[in-house]
Structure formats: structure tokens, C-alpha cells
Amino acid sequence: MGESKSRFKKMLTTEFYLLIFLVAILVIMKAAAPDFYSVNNIMTVLNYFSYLLIAAIGMNLIIITSNIDVAAGSIISVVAIVIAFVGKTGAPLPVFLIAGMGTGLVLSWLNGLFITKLNIPAIVATLATTQLFIGALPLVVEGSIYDLPASFTWLAFQAKIFGVIPASVAFAAVITAGFMLFMRYSRFSKKLYAVGNNKHAATLTGINVNKMMVLAFAIAGPLYGICGTIIATAGQRVTTTMGNGFEMTIIAAVVLGGTSISGGSGKIIGTVLGAFILSLITPAMNYIGLSSDWSDAVMGAIILLAVIVASISTLTKNKKVIIVPDQGAASPEAQAQTAPVGTAAPEVK
Amino acid sequence: MESNMETLAKPRKRSGLNFNIALLVILVALILIIGIRNPTFLTYNYMMSVVVKNIMEIGLMALPMTLIVITAGIDLSVGSIMIFSAIAGGMVAQSMGDGMGILVTMAVGIICGLANGLIIVKLKISPLITTLATFFLFRGIAKGMTQGDSVYSYDFTTAVGNMEFGGFPLVLIVFIVAAVVFTLLLSKTAFGRSLYALGLNENATRYSGIKADRTLIAIYVISGVICALAAYFYLGRFSSVKFDVANSMNLKVVTVIVLGGTSILGGVGDMKGTIIAIFIIAVLNSGLTVMNIPIDVQTIIQGTVLIISLIVYSILGERAKKRRILDVSKAGGPGSGSIEGGAAQTPA
């Protein structure tokens, strides 16, 4: 129990550090560029944060099961085109939102089946389907779908809470709250963590590992669908490449939030903080007066820094625990291998 | 253990050869089909200046990547390293001359590779995450340095990028030399064998006395060096580059390697498969262009090729793995103690 308590402490500090970092950014921005807190800018940041977070929550589930989904961006591109087709007819938001979620569900579910039925590593499987999705889109659509009606862009332009806050924020809030409760209390989420921690042990305890993995993908799909809907409705023209490359930012948000890429750990609250930090970078640099050309570099550096900090804290912990017989360097490595960054069973009742 | 000993006694790698022969058959069949549909494809000039030249940077980078994937690692930052080193070299060459440009390109390649290696090995961060982050970082630095503008080729890169000997491009000669070196490195040296060992079981490999850290760092540095090498040709060939031209190059390299029969899970694979796969992708790319098939269909076809090869390899995977383990233990001559023997010779 002592061990699990210290692990729990560690989980707290990962998010604690992120929170400090986030507050630091916000304070610095307050001092350096008060304009940053203009209503317009805050709402732009919040909108980006919302759709990044919605997709990142889905990705988080997938990564918890020790898979990864590099097809997320291309699925979002497909969703954008599908809802543009539906929205072009003048259909209202609920109709094309459901179409988008359905598209996401089907494509992501196929990815999950592909990975589990054929036992192919997720990264190459989703890499292959990415090429299919990206390749298929321009065959169906010539460049872009344009002149979309006002009913299509209603979400971005008219749907404001109290007249200012974009409705996407409400989407993100509801989804985040729902998933936080879900991850905290459902038996299903415990199984997800179990699968990510140790597939064989999970099988032995009677969990259908493949089914859990497919379900993780199937849940992520509709979330990509919502994300794609928010992205696509921001303008009257929808192109075939709207989500391409966005998967990297989504994965970055999840990893920055403290979810270990080797699976079995990670909390929604971490993902929320990770997504928020990433959505601040580009606007913050703009307002400070640094060229936004550097934002990719800063994003890469922040992700790297975050995983390095997490890794170092794990390494030093392991060194304390293990008595190393001979090869000074070898044992902690061996331990790191079996218990990668933050593999703590995160929910110990 | 018993089953291992049994496989050791069996005749050598029948299936391993078959994979490569199957790939070779596919390659020849593709060339013939496309050649019959459009005879220009088969002309020497087209083969050299379009089919081969367009794939060479990816081909070069696939060689060290094969080593990395065999150790169960991956390097998603290859395209970014290439562009970063090309851009850094190009910018320095504008103000300080070609010599400095050449040096800076190579230095950037080495430093990027070393950074990847050190983070992965010393800080125990998974190669996937490390190189995903450095993919952003290196490309981002290139973007920041150029403010998003193009960087132009200088005399040296223009020369090497377009140099030909009777229609035989210099880059192909470099590729052939590199391919031979990497094939020998992987199949004939203790270093090569230690890579398989690392991919199959890293902990066991460490405990058997192989200097795993050094070996792993070395292959990421080699990857950086080859990326810098590719950067000279790439910059020369296109005469100007922007930070985002190589965004999907990492995925193309991974496609080549998976098609070549190297398992993304590590421990399985060989260089010959990768080399044949490079030419299959090259023929597919330019062949579809010559047949006037739109670029989007080509993306689909490449994805389909990757999916089919994944399915085939996943079905045959288990058997292949056993045989490749046999290869590893056979490669260095007799005696199953070869792994311990190899440790002493592992180059720094």
C-alpha cells in the first residue's frame, strides 16, 4: 500500500507540474502582453482548445490500451468532407453532427478491427489506413466543397453562449466531464487500464483484450467526428486536407498530459492540461512578438521536456527501490523496461 | 530451448530467401507490366533520371532505419533531420561559403541523431515519442530559421545533386555503396547481430554483456549522418527547399521497411528486403505517373501495398521470426556462444 501511495503522489505531481507551467504561461502573458486577454483572443484560444481536447480524449483512451492512432488526422479530414456534403443540403447541426460522428465511428472502428484481427502494430496499421483515407478523399471531391449555407457555419458564428463563448467550449466541457466520471467510476475504464498495463494478465483475469482495444478505437471515432465538425464549420469552404497532420498535435497533447505511450496510465485531467498548454503556444508567441514560425520548435521542445521530466523522476525512483548487484547501469534500465514512465496502476481504488 | 536447438540443426533460412525472392518477383512483374503498357518506362534515361532518382533520398534513409527498426526502435524524425540539415547548410553557405555549408549540414545531421540516441538510451524514453517530439523540434527550428521561406541550393549541392556519369546519377552510386556497407554491417558483423539481439530481448542482451547503450546511440547517429548525406542530394536536386517538404517522408520510409519484411516489433528483418522494397516503391511511384494515374490513386495504391504486406507478414510472421533467430545465431559462424563472443568485438 505504501508503494501505491507514493505512486499516487507521483501522479499528482505530474499534473501539478503541468498546472504550475500553465499558470506560469498565463502570468507571463498577463505581464508581457495584456492584449492576450482580449475577449476575441481568449475565445479563439478556447475554440482551438475545445476541439483539440475532444479529439485528445479519444486518443487518450487508445493510448491507455498501449495502442496509438496516427490516422486521427485523416479521419478528421474525411469527417469534414462528409459533413460538408450533408450540410450543403441545408441540414441543421444535429443531422450533420451525427453524420460526422457516425463516419468517425465507422472508420476508427475499422482501424481497431484491422489492428486486433490481424495482430498488426497500431502505428503501422493506422499509417496504412491514413494513406487510404487521404488518397480516397480527392477522388470523391474536386479540391473543396464551397458556398456552404449559413446553417452549416451556425456552430461557429451564431451559437455563442451568453453571446461570446463559442458553443464548442460547451461540447468540450460536457464531454470532458462525462469522460472524467466514466474513467473514474466505470468498470470498463479499469479494464482499459488493465489491458494497457499487461495484456497477458488482463487475458488471464477474463478480459477480452481485443474487444477492449476495438472499443477504445470505436469510442475515439465519434470524438474525432465532433472535432472534425467543429473544424469544418469554421468556414464556408471545406477542403480535403483539413485534418491532415493534426494527429501529431493530438498525440502531443496526450503525451504532454502525462499519459505513457506504453499504455496503462494516464488521466483525463492531464490531457486537459496538455491540450490547454499546446493551444496557448502559438497565440502566446504571437502576442509576445516572437514570430509564430518558432511555434513548432517550441511545441517539440515542450513535449520533449515533459517526457524527460517524467522519465527522470521515474528513473530516480527506481534507483532507490532496486538493489543493484553488479552491473550498475543495467538494472535500473531493466526496471524501466518493465515499468515504463508512469506505469502506475493509476486507479487503486 | 529444445525447439531452438532443433531449428538450429535445420537447413539454413529457406523461408528468409523466399520472402526476398517473392519481393523480387513482384518487382520484376511490376516493371514488365508497366513497361508493356508504356514502353518509355523501360528506357535507360527514364529509369535513371525518374524512377531511381526520385526515390534515392528515401532509399538512403531506409538503410539506417532498417537497423533501428530491427532493434524495435523507430525514427520518425528522419525527414525533419534531412530538411533541417539541408536548410542550415544552405543558409550558412550563402554567407560563409560552400565549405562551411557542407560541414554544417553534416554537423547538424550528427547532432540531431546524437540527440535522438541520447534521449532514447540515457533517459529511457520510447523511440516513438522521442522522435515524434524531435520531428516537431527539428522541423520547427528549420521553420523558425527560415521564417517559412525557401532556402536555395549552393554550388556544391547543385553539383552533387545533378552529377551523372553517362546517365548514371552520382546519388545511385552513393546509394549502392551505402547499401553494400549496410548489408554487410547487418549480416556479417557482431554489431549487426547485436542489433537483432536487442530487438528480440533488450534485457537479455544487456545482461549478456553487449554494450547496448553505445550500440543504440550509434545507430541513431548513423541515421543522422545518412539524413545529412541525403540532404545534399535533395537540396541539389530541387535547387530550393522549404521546411515542410519532407513532412510525410518518415511514413514513406516506414512503408518501405515494412514492405521489405522487417518487423516493426523488432528482431526480424534484413537489408536485402529493404533494398528490394525501395525499388518496388520507386517503380510503383513513377510507373503510375507514366501511366497517367492521378497522384491520389497512387497514395491509395501505396497504402494498399502497405496493408497487403502487413497482412502477409502477420500471417507468416511467426515462422519467419524463428528462422531469423536462426540467422542471427548462424551469421557469425559456429557456436551458440556467438552473442557473448560478439560483445567483445562490438565496435564503439
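This is a predicted model: local features need pLDDT of at least 70, side-chain atom pairs count only at pLDDT 80 or more; totals for chains, interfaces and linings use all residues.

Mentor: We may. The axes of helix H4 (residues 56–70) of chain B and helix H14 of chain B come within 10 Å and cross at roughly 155 degrees.

Trainee: How are two packed helices described in general?

Mentor: Two packed helices are described by the angle between their axes and the distance between the axes. In the present case the cut-off for roughly antiparallel is an angle over 145 degrees, so H4(B) is roughly antiparallel to H14(B). The crossing of H4(B) past H14(B) is right-handed.

Trainee: Which residues of H4(B) and H14(B) meet?

Mentor: From H4(B) come Gly59(B), Ala62(B), Leu63(B) and Thr66(B), and they meet Met271(B), Thr274(B) and Ile278(B) of H14(B). Sorted by class, this contact has 4 nonpolar, 3 polar and no charged residues.

Trainee: At what angle do the axes of H3(B) and H14(B) cross?

Mentor: Helix H3 (residues 44–52) of chain B and helix H14 (residues 271–290) of chain B have axes that come within 9 Å and cross at roughly 105 degrees. H3(B) is therefore roughly perpendicular to H14(B). Val50(B), Val51(B) and Val52(B) of H3(B) make the contact with Ala282(B), Val283(B) and Ser286(B) of H14(B). The contact of H3(B) with H14(B) has 5 nonpolar, 1 polar and no charged residues.

Trainee: How do helix H5 and helix H6 of chain B pack?

Mentor: Helix H5 (residues 78–96) and helix H6 (residues 98–122) of chain B pack at an angle of about 155 degrees, and their axes are 7 Å apart. H5(B) and H6(B) are therefore roughly antiparallel to each other, and H5(B) passes H6(B) in a right-handed crossing. Among the residues that make the contact are Ile81(B), Phe84(B) and Met96(B) of H5(B), together with Asp98(B), Val104(B) and Cys112(B) of H6(B). The contact of H5(B) with H6(B) divides into 12 nonpolar, 7 polar and 1 charged.

Trainee: How many helices and strands does chain B have, and what share of its residues is buried?

Mentor: Chain B comes to 16 helices and 4 strands. Of its 348 residues, 53% are buried. Among contacts in chain B between residues at least 6 apart in sequence, 81% join residues at least 24 apart.

Trainee: What are the corresponding values for chain A?

Mentor: Chain A has 14 helices and 4 strands, and 48% of its 349 residues count as buried. Of the contacts in chain A with a separation of 6 or more, 78% are accounted for by residues 24 or more positions apart.

Trainee: How many residues of helix H11 of chain A are buried?

Mentor: Helix H11 (residues 246–256) of chain A is mostly covered, with 11 of its 11 residues buried. Among them are Phe246(A), Glu247(A), Ile250(A) and Val254(A). Just after H11(A), Gly258(A) takes a positive phi of about 95 degrees.

Trainee: Which residues touch the most other members of the largest nonpolar core?

Mentor: Leu52(A), Ile54(A), Ala55(A) and Ile303(A) do, in a core of 204 residues. The largest share of this core, 18 residues, comes from helix H12 (residues 212–238) of chain B. Leaving aside neighbours within four places in sequence, the contacts of Ile54(A) include Phe171(A), Ile175(A), Leu223(A) and Cys227(A).

Trainee: Finally, how many residues of chain A are in contact with chain B?

Mentor: In chain A, 42 residues are in contact with 39 residues of chain B. The elements of chain A that give two or more residues to this side are helix H5 (122–140), H11, helix H13 (295–321) and helix H14 (330–338). The residues on the side of chain A that touches chain B divide into 30 nonpolar, 9 polar and 3 charged.

How values were computed
Residues are numbered from 1 along each chain as its sequence is written. Chains are lettered from A and ligands numbered from 1 in the order in which they are written. A residue is buried if 20 or more other C-beta atoms lie within 10 Å of its own, exposed if 12 or fewer, and partly exposed in between; C-beta atoms are placed from the backbone. Two residues are in contact if their C-beta atoms, placed from the backbone, lie within 7 Å. Ala, Val, Leu, Ile, Met, Phe, Trp, Tyr, Cys and Pro count as nonpolar, Asp, Glu, Lys and Arg as charged, and the others, Gly among them, as polar. A nonpolar core is a set of buried Ala, Val, Leu, Ile, Met, Phe, Trp, Tyr and Cys residues joined through C-beta atoms within 7 Å. Axes are lines fitted to C-alpha atoms, for helices over the stretch in contact, and angles run from 0 to 180 degrees between N-to-C directions. Angles under 35 degrees count as roughly parallel, over 145 as roughly antiparallel, 65 to 115 as roughly perpendicular and the rest as oblique. A crossing is left-handed if the near helix is turned anticlockwise from the far one by less than a right angle, and right-handed if clockwise.
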